[in-house]
Amino acid sequence: MIFPEIHDFLGCVTPDAWVRAALADQEILLIDHKNCEFKAASTALSLMAKYSSHVDLLNAMSRLAREELVHHEQVLRIMKRRKIGLRPVSAARYASGLRALVRTHEPHKLVDTLVVGAFIEARSCERFAALVPHLDEELGKFYGGLLKSEARHFQGYLKLAYQYGEEADVTRTVERVRAAECELIESPDSEFRFHSGVPLDC
């Protein structure tokens, strides 16, 4: 079950057509999920490098990076058990579409980056919740176990955004990103990925 704060934060729910596509192509689901966990860790490390004087951010991102890498390793183990080989998979339009909204000057760049991070983590949590009832026991248990960590990551990103930005500005940014995020989730997409919109062939 989705956490109420996640539901309230996101502007829309994952379309049923995306869930059907995910269940029909669990190999791509797992490969892209693995890639997303690695990118999440990389993003956290990048923020640590760029904002090395922000102590609270350093501590939060260090913990987050370690946790995302553990998730990455867990997906790799599941893929190995299921004999799913590693292969290149193009990135979804989702993250780049959200990051295009980030302002280029500080401190707004940091705030916007943190808000985008909050949406990515919230959507991940929402998608895991949407999938869990339909998955086999192993994958359902794993994805169900990720719900709390993704919700915690969402809360951490949002808390940092309000800490390092002005409340009114952060609130406006959340509203701006929410509208764009909904468009990316609900509109037709040329390919299926973990954060894709509705695949065209669904």
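Over the ring of which residue does the charged end of R127 sit? The charged end of R127 sits over the ring of W18, 4.0 Å from its centre, where a charge is taken to sit over a ring if NZ of Lys or CZ of Arg is within 6 Å of the ring centre and within 35 degrees of the ring normal. The charged end of R178 is likewise placed over the ring of F9, 5.8 Å from its centre. The structure is a predicted model, in which local features need pLDDT of at least 70 and side-chain atom pairs count only at pLDDT 80 or more, while totals for chains, interfaces and linings use all residues. Residues are numbered from 1 along each chain as its sequence is written, and side-chain values use heavy atoms, with hydrogens and water left out.

W18 belongs to helix α2 (residues 16–24), whose buried residues are A17, W18, V19, A21 and A22; buried means under 20% relative accessible area, exposed over 50% and partly exposed in between, with a 1.4 Å probe and protein chains only. Helices (H or I, at least four residues) and strands (E, at least two) are DSSP runs, numbered from the N terminus. The buried residues of α2 pack against α3 (26–50), α6 (108–131) and β2, contact being defined as heavy atoms within 4.5 Å.

Aromatic rings were paired when the centres of Phe, Tyr or Trp rings (for Trp, the six-membered ring) lie within 6.5 Å, with planes under 30 degrees apart counted as stacked, over 60 as edge-to-face and the rest as tilted. By this rule the count comes to seven aromatic pairs. The rings of W18 and F192 have their centres 5.7 Å apart and their planes at 40°, so this pair is tilted. Because W18 lies in helix α2 and F192 in the loop between β1 and β2, the pair ties together parts that are 174 residues apart in sequence. Both W18 and F192 are buried. The rings of F128 and Y143, with centres 4.7 Å apart and planes at 55°, also form a tilted pair, and this pair joins helix α6 to helix α7, parts that are 15 residues apart in sequence. F128 is buried at 1% relative accessibility, and Y143 is buried with a relative accessible area of 0%. Ring pairs link W18, F128, F142, Y143, F192 and F194 into a cluster.

H195 is located in the loop between β1 (188–189) and β2 (198–199) and is buried, with a relative accessible area of 7%. Its side chain is joined to that of S124 by a polar contact of 3.0 Å, a polar contact being a pair of N or O atoms within 3.5 Å, of which, within protein, one must be able to donate a hydrogen and the other to accept it, and residues adjacent in sequence count only if both atoms are side-chain atoms. Beyond its neighbours within four places in sequence, H195 is in contact with residues including D32, Y94, R123 and R127.

Two local backbone features remain to be described. Most residues other than glycine have a negative phi, and most peptide bonds are trans. K83, although not a glycine, has a positive phi of about 55°; K83 is placed in the loop between α4 (55–81) and α5 and is exposed, with a relative accessible area of 76%. A cis peptide bond, with omega of about 5°, joins E106 and P107, and P107 is found in the loop between α5 (93–99) and α6.
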